[in-house]
Amino acid sequence: MSKKLFIKTWGCQMNVYDSARMADVLAPLGYRPVDEPDGADMVILNTCHIREKASEKVFSELGRLRQLKDVKAEVGDGRMIVAVAGCVAQAEGEEIVARAPFVDMVFGPQTYHTLPEMVAKASRKAGSVLNTDFPVESKFDFLPDESANQGVSAFLAVQEGCDKFCTFCVVPYTRGAEFSRPGAQIVAEARRLVAGGTREINLLGQNVNAWHGEGPDGTTWGLGRLVRELADIDGLERIRYTTSHPRDMEDDLIRAHAEVPQLMPYLHLPVQAGSDRVLAAMNRKHTADDYRRIVDRLRAAKPDLALSGDFIVGFPGESDADFAATLRLVTDVGYAQAYSFKYSARPGTPAALEHGQLPEDVKDARLAALQQLLNAQQQAFNESFVGRTVPVLFDRVGKRAGQLLGKSPYLQSVHADANERLLGRIVEVRIDAAHPNSLAGSVATGEYRSSATGTQPVEATV
């Protein structure tokens, strides 16, 4: 009989990818994904340690799950296995077991390929199964093929872990050292995705451009070489990658932005701050001008490249002058989109022990000022598309009848009235209006573009 599996995912795209692969691992045991935890036979909380108050949110969710678990048992509907996975599990596994003993399994992001074994142990013993080891073997060597179509746009993990040790970040402690999957393994997974209907692949890694994997020819490839290999897959229309580190932006990858049409003109390249003093305290190992020079080289290679970034305000010891340098960098570079946060101490990180922790009201004011500038840049970028026609990959149905949603090459959300038969197609859309976080348009009635199928006419009823 089919068993119900509910997975709740917090955090980054890597967690989204991991959740999908957990479902693949559990599928041979009869588990099928459902949309709600009520009545589920297994619930997995795939957690993220980056966001503020991450562990408190997990324990709050566990309180609700305990009630559902008790109800399921009381009505004689069998047992609900409750599991906590991901980075909070890795960092705080023993505390989870102590505070929430009804949790059946606690496991880190490197161990979910052993889920069948953990489920068997949890089913026959009282107490929690705790697995937060960093195994010698790579989990990717033991994962099954994808059990379901991953959709028009799919994530593909190529690299995991981090060796950078930024002083504010827990990732090296929760995800482990940098690891690059072999190129042949990645290409094979990409081919399966495309055969299943995927048209856009987003390559994932904590430091994705640090990827250096063994190529099928036995040599070591960099990410630029991998992008070129993937671009040769028939039917793969678009390639993206995230998240990048400035220290790993190699010449060949920059050239790929100029030479590979499938590589989209959008890059997420976090800088975190514009002050060299703060960047040094963060252990970023690049200066603000280093970052500017990388951006200049990228835009020389791809003049229409749009940039996204990450920023932290209120880092310990950040002065008014330091913050002003961040605003200056943002003004100099210009961002199509960005993510910005107040500094929040993470237990176990060096920055959490630094003197000079700033008051919350100072951090609030600086975040508001930074976001005002970033939002203005994003709005201006979006407004520059009004009246233009852009290729949009429609990947999902909109909220109202007759509406489709998709992505521009610059990762903008675009919605338009269109027939569902255009799902999975790259369609020329005339942009009629710009909003802070999306574009609205109309399908151009002459034709739509698809390198996989060629140019085909669009009927009047678009």
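Is threonine 167 buried or exposed? In this predicted model, threonine 167 has a relative accessible area of 13% and is therefore buried, since the cut-off for that class is under 20%. The residue lies in the loop that joins strand S8 (159–160) to helix H5 (171–174). Beyond its neighbours within four places in sequence, threonine 167 is in contact with Ala281, Met282 and Asn283, with Phe315, and with Thr349, Pro350 and Ala351. At alanine 281 the approach involves the backbone oxygen, which the side chain of threonine 167 reaches at 2.9 Å. Serine 408, by contrast, is 241 residues away from threonine 167 along the chain, and the C-alpha atoms of the two are separated by 35 Å.

The packing of two helices can be considered next. A pair of packed helices is described by the angle between the axes and by the distance between them. For helix H6 (residues 183–195) and helix H7 (residues 223–231), the angle is about 35 degrees and the axes are 10 Å apart. The crossing of H6 past H7 is right-handed. Ile186, Val187 and Ala190 are the residues of H6 that meet Leu226, Glu229 and Leu230 of H7. Of the residues in this contact, five are nonpolar, one is charged and none is polar.

Helix H12 (residues 360–383) comprises 24 residues and reaches 34 Å from its first C-alpha to its last, close to the 34 Å expected at 1.5 Å a residue. Its buried residues include Leu367, Leu370, Leu374 and Phe381, and also Lys363, Arg366 and Gln377. The buried residues of H12 pack against helix H11 (320–333) and against strands S15 (306–313), S16 (337–342), S20 (426–434) and S21 (438–443).

Definitions and conventions. Residues numbered from 1 in each chain as written. Predicted model: local features only at pLDDT ≥ 70, side-chain atom pairs only at ≥ 80, totals over all residues. Heavy atoms only, no water. Helix = DSSP H or I, 4+ residues; strand = E, 2+ residues; numbered from the N terminus. Expected span 1.5 Å × (residues − 1). Buried < 20%, exposed > 50% of the residue type's maximum accessible area, 1.4 Å probe, protein only. Contact = heavy atoms within 4.5 Å. Axes fitted to C-alpha atoms, helices over the stretch in contact; angles between N-to-C directions. Left-handed = near helix turned anticlockwise from the far one by under 90°. Nonpolar A, V, L, I, M, F, W, Y, C, P; charged D, E, K, R; others polar. Polar contact = N/O pair within 3.5 Å; in protein donor to acceptor, adjacent residues only side chain to side chain.
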